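Subject: Structure handed over, with notes on what was found

Dear colleague,

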Amino acid sequence: MVAGLKLSRDIQHNIRHRGLLRPPPSREAIVGALQALSAALFPAHYGPSGLTAETIDYFVGATLNDALSTLCDQVRRSLPFSAEEERSDDAFAKAAIEIMREFAHELPAIRGLLVSDIHAAFDNDPAATGYSEILLVYPGLTAVVHYRIAHALYRLGAIFLARLISDIAHSRTGIDIHPGARIGGSVFIDHGTGVVIGETTVIGERVRLYQAVTLGARNFPTDASGAIIKGAPRHPVIEDDVVIYSGATVLGRITIGRGSTIGGNVWLTHAVPPGSHITQAQTRSTNGTTHTLPGESAPDHHLNGGTE
């Protein structure tokens with residue numbers, strides 16, 4: 001059996017990257033580094049008890065040193081799995097150091113974005129009692145913390161590691177955000193379970209998403225041979241101040257205009273102009289007349305656009 005598995009592994013069914021035996025990044029090490037990074041970004045909430053004004057900077061410095069060193073090693077181990085060409089181990093090690101140096105410089109800006117997300121959660125959730133509650137118990141904020149870190153690494157070239165971070169967040173929260181998505185500040189994911197945000201999604205400022213929202217692709221562009229074109233824009237563009245309620249599915253490279261509201265369980269595959277209100281209970285005829293479906297009451301707002 002061992003010999004048969006070796007034959008499958010090495011020759012018949014070899015799925016190693018470029019056929020080489022390489023150790024992948026350590027999920028456990030990444031989880032530990034993420035916890036340390038979170039503590040460095042928000043030491044009063046994620047750090048140890050007993051921190052004082054005199055010790056907090058020392059804690060942040062020491063924690064950052066450990067977290068960035070661990071992440072640098074994991075970046076080095078991850079780069080071969082997404083590199084377009086084979087490079088030497090020294091080249092991958094140097095690239096990892098450069099990525100981590102740039103990433104470290106971005107940490108204050110990442111924290112600023114996260115603070116805007118915390119404010120958005122507090123301002124938009126009447127159940128929120130304070131910022132500490134949001135940081136410690138809101139799965140939407142946990143997912144966004146992971147996303148902001150993963151997105152920075154993704155942009156800097158640590159693509160495989162960024163995907164691992166997003167999968168860790170998905171396992172913890174049930175929220176699946178591809179690190180390639182571009183999400184503006186003050187985003188609020190309420191409840192969050194089942195939210196899916198695809199790779200080429202673009203989300204503006206002050207957007208609210210509720211549980212089970214999908215921002216996905218309607219189809220996958222292919223080349224002349226029929227192979228899927230990787231990275232082609234295929235997910236929605238959500239402009240500023242949009243609210244998308246639970247269970248809504250928005251598919252394809254369509255634009256949801258600024259200030260629009262998408263109702264629960266809506267299936268939407270066409271663009272809508274700014275200020276639209278789309279609900280499952282209504283449809284618009286070709287002459288512009290709005291009809292309420294049987295068993296539903298008409299909402300207070302006017303319907304711009306339509307449903308599918």
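In strand β14, I278 is the bridge partner of I262. That pair belongs to strand β12 (residues 261–262), which pairs with β14 in the parallel sense over two bridges. Here two strands are said to pair if DSSP finds at least two bridges between them, while helices (H or I, at least four residues) and strands (E, at least two) are DSSP runs, numbered from the N terminus.

Before going further, please keep in mind that this is a predicted model, in which local features need pLDDT of at least 70 and side-chain atom pairs count only at pLDDT 80 or more, whereas totals for chains, interfaces and linings use all residues. Residues are numbered from 1 along each chain as its sequence is written, and side-chain values use heavy atoms, with hydrogens and water left out.

The sheets

Strands β12 and β14 are part of an open sheet of five strands, which runs in the order β3-β6-β9-β12-β14 with parallel pairing. Its edges are β3 (188–189) and β14 (277–278), each of which has a single partner strand, so one side of each is left without a neighbour in the sheet.

Another open sheet is formed by five strands in the order β1-β4-β7-β10-β13, and the pairing there is parallel as well. The edge strands in this case are β1 (176–177) and β13 (267–268), each pairing on one side only. Within this sheet, strand β7 (residues 214–216) pairs with strand β10 (residues 249–251) in the parallel sense over three bridges, and L215 stands opposite V250 in β10.

The helix pair

Two packed helices are described by the angle between their axes and the distance between the axes. For helix α7 (residues 139–155) and helix α8 (residues 159–173), the axes come within 8 Å and cross at roughly 175 degrees; the axes are lines fitted to C-alpha atoms, for helices over the stretch in contact, and angles run from 0 to 180 degrees between N-to-C directions. Angles under 35 degrees count as roughly parallel, over 145 as roughly antiparallel, 65 to 115 as roughly perpendicular and the rest as oblique, and α7 and α8 are therefore roughly antiparallel to each other. Among the residues that make the contact (heavy atoms within 4.5 Å) are H146, I149 and L153 of α7, together with I165, I168 and R172 of α8. Sorted by class, the contact of α7 with α8 has twelve nonpolar, three polar and one charged residues, where Ala, Val, Leu, Ile, Met, Phe, Trp, Tyr, Cys and Pro count as nonpolar, Asp, Glu, Lys and Arg as charged, and the others, Gly among them, as polar.

Pockets

Grid points are joined across faces, edges and corners, and a volume is the space filled by probe spheres set on the points.

The largest pocket holds about 470 Å³ of space, and of the 23 residues that line it, the closest to its centre are Y154, R163, H178, E199 and R234. Helix α8 provides the largest share of this lining, with five residues, and the lining as a whole divides into eleven nonpolar, six polar and six charged residues.

The second largest pocket has a volume of about 240 Å³. Of its 13 lining residues, Q35, S38, T142, H146 and R172 lie nearest its centre, and α2 gives the most to the lining, with five residues.

Cavities

How many cavities of 30 Å³ or more are there? The count comes to two. The largest cavity has a volume of about 50 Å³, and its lining includes D117, Y138, L141 and F188; α7 gives the most to this lining, with three residues. The second largest cavity, of about 30 Å³, is lined by A143, Y147, S166, A169, I175 and I177, and α7 and α8 each supply at least two residues of that lining.

With best wishes

Technical notes: On a 1 Å grid over the protein atoms alone, a cavity is a set of points where a 1.4 Å probe fits but cannot get out, and a pocket is an open set with protein on both sides within 12 Å along at least five of seven lines; lining residues have an atom within 4 Å of a point.
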